[in-house]
Amino acid sequence: MTSNRPDFNFKSSSSTSSRNSDNINTQIRNVDLQPSSSQLSIQSNSWRHSSNLGSRGVRHGSRSGVDSEGFSMSRKEIEIDDDDARLVYVNNPVKTNESFEFSGNSIRTGKYSVITFLPRNLFEQFHRVAYLYFLIIAILNQLPQLAVFGRGASIFPLASVLFVTAVKDGYEDWRRHKSDKIENNRMSYVLVNDRFRQKKCKDIQVGEVVKVSADETIPCDIVLLSTSDPTGVAYIQTINLDGESNLKTRYAKQETLSRVPEKDIISGLIKCEKPNRNIYGFQGNMEIDGKRVSLGPSNIILRGCVIKNTDWAVGVVVYAGRETKAMLNNSGAPSKRSRLETHMNQEIMLLSFFLVTLCVVVSACAGVWLKRHQDELDIMPFYRRKDYSEGQVENYNYYGLGMEIFFTFLMSVIVFQIMIPISLYISMELVRVGQAYFMIRDDKMYDATSNTRFQCRALNINEDLGQIKYVFSDKTGTLTENKMEFQFASISGVDYSGEKTEFYGEEGGYSIQVDGQIWKPKMKVQVDPNLLKLSKSRNDTKSSKDIYDFFLALAACNTIVPIVANTSNPNEKLIDYQGESPDEQALVYAAAAYGFMLIERTSGHIVIDIQGERQRFNVLGMHEFDSDRKRMSVILGYPDSTVKVFVKGADTTMFKVIDESLNLDVVRATETHLHSYSSIGLRTLVVGARALSVSEFDTWQTSYEIASTALMGRAGLLRKVAINLENNLSLLGASAIEDRLQKGVPEAIESLRKANIKVWVLTGDKQETAISIGYSSKLLTSKMTQIVINNNSKMTCQRSLEDALIISRKLINVTHASEDDASSVALIIDGTSLVYILDSDLEEQLFELASKCAVVLCCRVAPLQKAGIVALIKNRTDDMTLAIGDGANDVSMIQMADVGVGISGQEGRQAVMASDFAMGQFRFLVPLLLVHGHWNYQRMAYMILYNFYRNALFVLVLFWYVLYTGFTLTTAITEWSSVLYSIIYTAIPTIVIGILDKDLSRKLLMTYPQLYGSGQRKESYNVKLFWVTMADTLWQSVIAFFIPVLAYWKSDIDSSSLGDLWTLAVVFMVNIHLAMDVIRWTWISHASIWGSIIATCICVVIIDAIPVLPGYWAIFYLASSGLFWVCLAGILIASMIPRFIVKMFMQHCKPCDIQIAREAEKFRNSMEITRSGEIEMNR
Amino acid sequence: MKTYYYSLLQPILFLPQITNADMNPVTNGALKSKKTSKKPEYSRFTQQELPAWKPILTPGWVITSFLAIAFLFIPIGLVSLFASERVVEIVYRYDQDCVPEMYRGNVSAYIRNSLTNKTCIGNITVPKKMDPPIFVYYQLDNFYQNHRRYVKSRSDKQLRSAAYESSTKECEPEARFNKSGDPVPIVPCGLIAWSLFNDTYNLIKKDKVLNINKKGIAWKSDTKVKFGSNVYPKNFQSNDLIGGGKLNESIPLSKQEDLIVWMRTAALPTFRKLYGKINTSLEAHDTITVVLENNYNTYSFGGQKKLVLSTTSWIGGKNDFLGIAYLTVGGICLFMALNFILLYVFKPRPLGDPSYLSWNRKAVN
C-alpha cells in the first residue's frame, strides 16, 4: 500500500523536538531582530508529548491529513461482502458478464442523442427558476380569460432564450460526441484465444486481459498481472487523472507477475468493490491457484493513466466504460452562490412584494369600479356585459365580481411580470462569463513557470472577490514555491552550512561516464566545498564513513525513480528523478551532486554510482512513509551481503528511535543544528541507520512477508513490523531543505494588508519555520507584539487565551491613538491548542482574540483544523473569507471558505479541483482581488441595481396607465414593445457595461490597495442604495407618465401614439440614466448605449409599419408633431435632474475614495500620485 | 453524490477546458502532448485597456450643464406658453341641455327611443378671431375607449380585406348577426365599431350654414392601408341592441372617415375626436348657432359630451402645461446652478486631493 502523498505528510506533521519547543514556551524573550520587538509567550507547564500530537480524537484534530478527505484512501481493510462485491473471472469475460451485466467499455460523455435531445435539454433548462417563472406566466397567458398578450408575444421571450441555450448545448454535445467517437475507436490489444489481438476500445469487456505498451493510455481500469519488469513494477503517469506529472509505481502481484498470458493461462477470480469515485482507493482480492491474494490501490491502473518506462503491462479489466473511476469523477464545477446574489435575493423578495402590492391595488380598484358601475355594465358601450346576439341574452365574458377581481389579479401579474427582473439572472450570468473571460486572459495572472493561466472554475462568485476580508493561506506551495532545494547538512554532529559555491568542480555540476556518454542529474545543486572534498576523499576515518553512509541513505532511502532522458547532445544524458515527494527529489539530487548518483531503481535493487564507481544494492524491503511513524525505512543488502536499515524521518519521531547512548554529543549537536535550520525557515529531516545481524534480518523478513501478504489489517501489521525494526538507530545526520518563498509574496502580503484584508497562515510546519516564513514574507514585522499559544490541555488553553485577551486589550488601548504596526498583535497558535479550543466553549474567546489580531499564524494544523479555523470566522461574522492552498490538505479549507483559490503547483490538482478559482502563483491574488475583484464587484453591484430600476420603471409606467383605463390592464405600449423591452431595447448596454466598465485603472488600484475597502464596506450595493434607487425610479416613472398625460389631456391622441411616446421615453431614460453612470467610454460602450436607442427606434418603426396592428403608422404622425419632441426632451431632462443634483452634491461634499482616486488620476499628474503614495507608505 | 450544476454560458468560456480537463480525461492526453505556451495573447481588449473617454464632471461642468438646461428650457417654455395662448378654443357642453325637460328624469328612455326628436339647438360665441383651419371636435368625458374589453374588440384583418370577412374571433359579443338562424359576420365587427359616435353638428353663422369639411379627417395611412377599399359594411347594427351610428352599406370602409377616426381608440378617458374642419375664419364676438342631433348615449354611464371648435399651433391644442413645466424645470436648473456656485465658492474641495481619502481622514482624526 503506497502512502499517496508522502510530501504532504511530511509537511503537515513534521514537528520540532519537544525540548526545543519547551525552550520557547518557558521564557518571555525579545526576538533579537529589533530592539523594540517583543514576543510574549504564554507559558504552559505540562510536559508535552509530541508523539500523540494530533491523535486525540477531537473533531478538528484530525489524526492525519490523509484520512480526512474523501480523496484519500481509507486505511481500513474490510472484508468485502459478496453482495457488495464485483466478481471478475480473469480472462473469462463470458463468465464474468454472465450473471451481472457490467458496463461495456464504450463511453458516452455526450448527454443527448438525436431523439432525446429536445426533451432532455428542455427538462434541464427548466431546472432554472427563472425559466419556470417565464413558463408559468406564459401558460397563464394562454388561458382565454387571462390572455393579456397575444400568443406569439407571450411565448417569444421564453422561446428565444430556450432556443439559444439549446443551440449552445447541442453544439457542446456534438463536440463531446466527436471526442467520444475517437476515444471509443482507439485500438488496444486484448487477449483472445490466447493471443493478443487488436480490438476497438469500446468492445473491451470486464474480465478480459489487455496489454498496454509504453506511452499508451490505459483504456479501462485494470488490475496488473505482469509487466515487462521482472519484479512486476509499472510506472505510470496520472496527469490526466489528477494532474500530477511525476511517475507513480504500480505493482503486479507476486503470484501473477511471472506468468506470460499467452502461454501460461491465468485463471482466477477477482473480488473487488463496486465502482466508486475514489481514485486513490481500491480494495479487492484475487483467488489464484487456490490462494487468496489481496489487492490494493497499488495494483490497479486507472483509465487515462499513461504507462511510462515500462515496455508493456498486462492486466485484467475490472471496471470498464462509464464505471471506470476516471469517468465517475467526471462531474461538474462546484456550485456556490455569491454574497451579492444572496443579498440581492432579499431585494428580489421586496420587489415581489411590490409586485403583489401593485396587483392587489389594481384588482381592488377594478373590483370597486365594477361594483360602482354594476347597473350600467350590461349595455355600457365600452363594457357590454350582456350578449344579445343569440336568441337568449347571456353574460359575455363576465364571471361575477369575485372571479373578475381574481382574473384581474392574475392578469396584472402577467402585465407587471418584469417587476421581478428575471432577465437579470441571465444578464448576471452573461456578465460573469465576460468577467471570467477577462480574468482568464489577464496576462498579469499568467504563470510562465508552470505555463498556467488563471482559471475560473466557479462562475457565480466573481463579485465575491471584491469583498474579501480574510485570506487563509497555506504555506508550503502557496507562499513558498514547493521547489525543494537542499541547503545544509549536519553529519555526525558537524554542521556543513558554510559558504556555498556554484557547482564546485567541473563545469555544470557533477556527472558520470557511462558507455562513453556523460550522464548528469537534471537539476543542479549548490554544494558545500568542504563537504564535497570530504565526500570525495574516501578514507577510513569515522567522519568519512559517516558521510558515506549519510549520502548513501539520501540516495537509497526514498521512492525516487531515475529516468534517463536524452538531450540534444547525443553524448549527454540527463537523469531526471521522478517521485511523489519534492523533498525526496531534493535529497536525491543533493546526493548526486556529492557523488552518490542514483541511476537505476527496480523493486528489487538499486544502482548507485558512488564517486564514479557503480554499485548495486539489493532492496530487501521498504517501509513506506506513514503519518503515524512519520518516517520511512529501507533495508539494503550490500554487495558484500551485509544488511543495513536506513531510516529517514521527522525529528520528533526519529529522536525516539535513535539510540542516544551511542553518541550523546552528536545527538545534542544535531539537535542544535536542527533548531538553527528550522529557525531560518528550512525543512529538516533526520537520517539514521543500523546494521542488521543475520538473525535480526531473518526475523524481520519472516514477519515482513507474513504482514505483506496478510489479508486483514495489512497496513497495521506492516507498521508494527516497521516499528520493531526501526529502533536503536545510530544517528547519521540531518538535512535541511529550503522551500523558497514565491516571487512577490512579501509585496503581495503587504498589499493585502493595506487593503485591510487579514491574512492568516495555516501551515503544517513547525512553529519556528512558520514564524521565520512569517518574517520573510513580511506577514510579521518586528514591531508587532507576538502572542504565542501552545498548550496541551483545555485548562491551560483557557488560561492562555484569557491572558492573551488581557494583553491584547491593553496593547490596543495603550496605542489606540496612533494606529500603526506597534499596536498590532500577531497571534501564533499551534494545532494541539486548536484541538482543545475548536469545538469547545473556548472558541468564542479565540475568535475574540483573533479578531483583534492583525496576523494569525497557525502551525502544525491538520487539514480539518484548517477548515475549522475558516469556519470559526465564517460562522461568527458576515465577513467574506478566502482560502488559498495548493495541496490535498487544503481541500477542506478551500471548500469551507466563501471563495476557494487553488494554486496549481507541484502538489497535484486536488486543491484546484476543489477550488473556485485556480492560478499559478500566490502573488496573483493581488490583481485578482484588488483589481478584478474590485471591478467585478462594482460592475455587478451596479448592474443589479440598474436592472431593478430598469424593470421597475417600465412596470410603474404601465401601472400608472392602468389607473386611467378603468383598471383593466390595457397597455398603451404595444405588447411587442413590452416583450422586447428587456430583450432588445435595454438588455445589451447593461451587460456590456457590466463587463467592460472600469471605475479605476489597474495601476491606481494596485498603488492604493486601500481602494479595495469600498467592496468590503458594501458601498456599491446595500439596502439604502436600493431604496434610493427605488425612490428615483418612482420619480422617473411619474415624470415619464404624467408629462405626456397632462400634455395630451383632452387631445385627440390615440393610445398607440401615446404608447410609442412612452416606449421611446422610457428606453431613452433608461439608457441616459446608464450613460450618466458610465465611467469609461470605450467605443463598445458608445456602440451599445446609442446602438440600443437606435435599435429601439427601428423596432418601434417596424412595429408601427405592420398594418394589422392597431398602432399602424402612429409613430410617423407622432414624430411629425412638435409636441412630441418637446414632451420627450422635457421627460428626459426632468426625470434625470434629481438624480443629477444628488449625485453632484454627494460627489462634492461626501466624495468616496473611488471618486477622489478618479479625480486624482485625471487631474493630478502621476508624479503626485506616486509621491502621495510614498508618503502613505512611510506613515 | 453528483452535484447538479447547470450554467447557461459556461461552454463559451470553458471550451478549452472541456477538452482539457474534466470532460474526457482520456483524449486530452493527446491534446496536452503538444505543449504550447498558454500565455494569453496580448490585446488591448483582453487586457481591458481599450482607449476610453473618462469624463469627470468638475464644478465647471456641473454649473455649465445646469445653466445650459436653464437657458434652453426657459425660452422653450415661453414659446410654448405663447403658442398655447394664441390657440382659440370654444367648448360647448350639450349633453344635459339637449335633453328635453320632460325626459330629464329618465334620460335613457329618451335617448334609446328612436322616435323621439333628438334635434337640439344652442348658441356659442367666438371669443377671439379664429383663423382657418378651425377644427371641429367632439369631446367625450369618462368614456373608456382604452378599456381592455373594448380595445381588443376589433378585427383589423376584417377591416383591411374582404377575404377576412369572417375572421371575427376577437369581436364578441358583436361578431355575428343571427340572420334567420344562420350566423353571418358583422362588418365591421366588434364593440368599437358598434359604439360608433353618431351625434351630428350643423353650424349656422348669421343664417348661413358653415361648411364643415368632413373629408381628410382620418389618417392617410388608415384610409389607404388599414381600411380596405373593397370592404363594405354588412349586417352592421342589425342586432337588437344598437350601440351607435349606422353605416352606409354602399360606401367602402376606407371612405368612412368618421368610423376610421373613431376606431383609432383614444389613449385617455377624456378625449377629443376630429369631426371636421372649417375653412373660413370666424371673427370675434360672432355668434354661432349649433344645430345638433343628440343621438349618442353617454347618459347610461355618466359621460359628458362637448362640442369643441379650436385652432391649432405647433404645440397642438390649448394646453399651458408644457410651457409651465419647461419654465419650472428651467427655473430649478437656474436655482441649482446658483446653489452649486455658492457651494463651490464657500466649501471648495480640491479635485483629487488625497487628504480626503477615507484612510487618510482616519489617520488625521
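A polar contact is a pair of N or O atoms within 3.5 Å; within protein, one of them must be able to donate a hydrogen and the other to accept it, and residues adjacent in sequence count only if both atoms are side-chain atoms. I wrote that down before looking at the two chains.

Entry 1, ground rules. The model is predicted: local features need pLDDT of at least 70, side-chain atom pairs count only at pLDDT 80 or more, and totals for chains, interfaces and linings use all residues. Residues are numbered from 1 along each chain as its sequence is written, chains are lettered from A and ligands numbered from 1 in the order in which they are written, and side-chain values use heavy atoms, with hydrogens and water left out.

I looked up contacts (heavy atoms within 4.5 Å) and found 126 residues of chain B touching 149 residues of chain A. The size of an interface is often given as the accessible area lost when the parts come together. I noted about 12,400 Å² buried between chain B and chain A, with 60% of it on carbon and sulfur atoms; this area is taken with a 1.4 Å probe and summed over both parts.

Entry 3, pairs across the interface. How many residue pairs are in polar contact between chain B and chain A? I have 41, both residues being at pLDDT 80 or more. I also have 3 salt bridges between these chains, each a side-chain nitrogen of Lys or Arg within 4 Å of a carboxyl oxygen of Asp or Glu. One of them joins Glu1159(A) to Arg349(B), with the closest N and O atoms 2.9 Å apart.

Most residues other than glycine have a negative phi, and most peptide bonds are trans. I looked for exceptions. The bond from Pro132(B) to Pro133(B) is cis, with omega near -5 degrees. I placed Pro133(B) in the loop between β2 (119-125) and β3 (134-141) of chain B; strands here are DSSP runs of E, at least two residues, and helices runs of H or I, at least four, numbered from the N terminus. Val187(B) to Pro188(B) is also a cis bond, with omega near -15 degrees, and Pro188(B) sits in the loop between β5 (182-185) and α7 (191-194) of chain B.

Ser492(A) has phi near 35 degrees and lies in the loop between β19 (480-491) and β20 (494-496) of chain A. His285(B) has phi of about 65 degrees and lies in the loop between β9 (271-278) and β10 (287-293) of chain B. Are they buried (under 20% relative accessible area, 1.4 Å probe, protein chains only) or exposed (over 50%)? Ser492(A) is buried at 16%, whereas His285(B) is exposed at 63%.

Definitions and conventions:
Buried area is the accessible area (1.4 Å probe) that two parts lose on being put together, summed over both.
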